[in-house]
Amino acid sequence: MYQQIYTWMNSHFLILSVVVLVLLFVLAALSERFRENCGIKFIYHMSAAVYILALLFLTLGSRSRYDKPILDLKLHLLQLEKFWEKDVWILQGDVGNVILFLPFGMIVQKLLGQRIHWYGCAIIGGGLSICIEILQYIFRCGYCDINDFLYNVIGVLLGYFFGLKIQNHF
């Protein structure tokens, strides 16, 4: 069953990404605009919890186990020529890791507000990413990849700055 959910999520990756990002942007803006409204705060916190669970499911729970752990320490930058060739793996691999962690940066910025700077957010997001990569290696349920870590941190930072922009706008 997990594999079916994972396959469905991957085949609808772009639509799901847009829906999740729009939902979190709207909820962050509403919770910032109506700071005293407990209902909106509750919905935002529940959507953040659902996002964290979905993140853990996508990165750990839904993967097939490999015979041996896979460790990839070869660094590469986003290969735009493959992106323009409509290589789905690049979109889901590199860009997907940025999109996957973008809401996490928004959530951390929203929850900690003025008590955290961009580098603190990067450390928290990087720590979560390292934990996920290590667990993927230990449980052989994905690639332990340095590129995933880098793109995840980029996503966290983008999310932090988007959240900061929303906070300053309202």
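The chat below goes through this predicted model.

Q: What kind of model is it, and how are residues numbered?
A: It is a predicted model, in which local features need pLDDT of at least 70 and side-chain atom pairs count only at pLDDT 80 or more, while totals for chains, interfaces and linings use all residues. Residues are numbered from 1 along each chain as its sequence is written, and side-chain values use heavy atoms, with hydrogens and water left out.

Q: How many helices and strands does the protein have?
A: The protein has 7 helices and 2 strands. These are DSSP runs numbered from the N terminus: H or I of at least four residues for helices, E of at least two for strands.

Q: And which order do the elements run in from the N terminus?
A: They run α-α-α-β-α-α-α-β-α.

Q: How much of the protein is buried?
A: Buried residues make up 38% of its 170 residues. Buried means under 20% relative accessible area, exposed over 50%, and partly exposed in between (1.4 Å probe, protein chains only).

Q: Now helix packing. How do H6 and H7 cross?
A: The axes of H6 (residues 118–139) and H7 (residues 146–169) come within 9 Å and cross at roughly 145 degrees. Axes are lines fitted to C-alpha atoms, for helices over the stretch in contact, and angles run from 0 to 180 degrees between N-to-C directions.

Q: Which residues make that contact?
A: On H6 they include Trp 118, Cys 121 and Glu 133, and on H7 they include Asp 148, Tyr 160 and Phe 161. Contact means heavy atoms within 4.5 Å.

Q: What about H3 and H6?
A: H3 (residues 38–61) and H6 pack at about 35 degrees, with axes 10 Å apart. Leu 55, Leu 56, Thr 59 and Leu 60 in H3 meet Leu 128, Ile 132, Leu 135 and Gln 136 in H6. That contact has 6 nonpolar, 2 polar and no charged residues.

Q: How many aromatic pairs does the structure hold?
A: It holds 3. Rings of Phe, Tyr and Trp (its six-membered ring) pair if their centres lie within 6.5 Å; planes under 30 degrees apart count as stacked, over 60 as edge-to-face and the rest as tilted.

Q: Why is the pair of Tyr 160 and Phe 161 edge-to-face?
A: Their ring planes are at 75 degrees, with centres 5.2 Å apart, so the pair is edge-to-face.

Q: Are those two buried or partly exposed?
A: Tyr 160 counts as buried, at 6% relative accessibility, and Phe 161 as partly exposed, at 43%.

Technical notes: Nonpolar A, V, L, I, M, F, W, Y, C, P; charged D, E, K, R; others polar.
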